[in-house]
Amino acid sequence: MEYLIHFRINTAKRLLRYSNKSVKEIALDVGIADTPYFNRLFKRKTEMTPLAYRRNG
C-alpha cells in the first residue's frame with residue numbers, strides 16, 4: 001500500500017509541476033476520487049498542500 005501511495009504522490013508532483021490541470025483532475029488522474037483526502041495525503045507526505053507545491057515547485 002505504501003508503494004502505491006508513493007507512486008501516486010510522485011505522479012501528482014510531476015503533474016502539478018508540468019501541467020495546468022486542476023488539483024481535482026490530478027487527484028482523479030492518480031486514482032483518488034476524494035479531493036479533500038488527496039489534499040490531506042499530499043500534505044502528509046510532502047509537508048505542503050498541492051497548490052503550495054505548484055507555486056513553489
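## Exposure and the model

A residue is buried under 20% relative accessible area, exposed over 50%, and partly exposed in between, using a 1.4 Å probe and protein chains only. This is a predicted model, where local features need pLDDT of at least 70, side-chain atom pairs count only at pLDDT 80 or more, and totals for chains, interfaces and linings use all residues. Residues are numbered from 1 along each chain as its sequence is written, and side-chain values use heavy atoms, without hydrogens or water.

## E47, in a loop

E47 has a relative accessible area of 72%, so E47 is exposed. E47 sits in the loop between helix 3 (35-46) and helix 4 (50-56). Helices here are DSSP runs of H or I, at least four residues long, numbered from the N terminus. E47 is not a glycine, yet its phi is positive, about 65°.

## K21, in another loop

K21 is in the loop that joins helix 1 (2-18) to helix 2 (23-29). Its relative accessibility is 34%, so K21 counts as partly exposed.

Contact means heavy atoms within 4.5 Å. Beyond its neighbours within four places in sequence, K21 contacts I26, D29 and R54. The side chains of K21 and D29 also make a polar contact (2.5 Å). That term means a pair of N or O atoms within 3.5 Å; within protein, one must be able to donate a hydrogen and the other to accept it, and residues adjacent in sequence count only if both atoms are side-chain atoms.

## Around L16

Which residues does L16 touch, not counting those up to four places away in sequence? They are V23, I26, F42, P50, Y53 and R54.

Methods:
Helix = DSSP H or I, 4+ residues; strand = E, 2+ residues; numbered from the N terminus.
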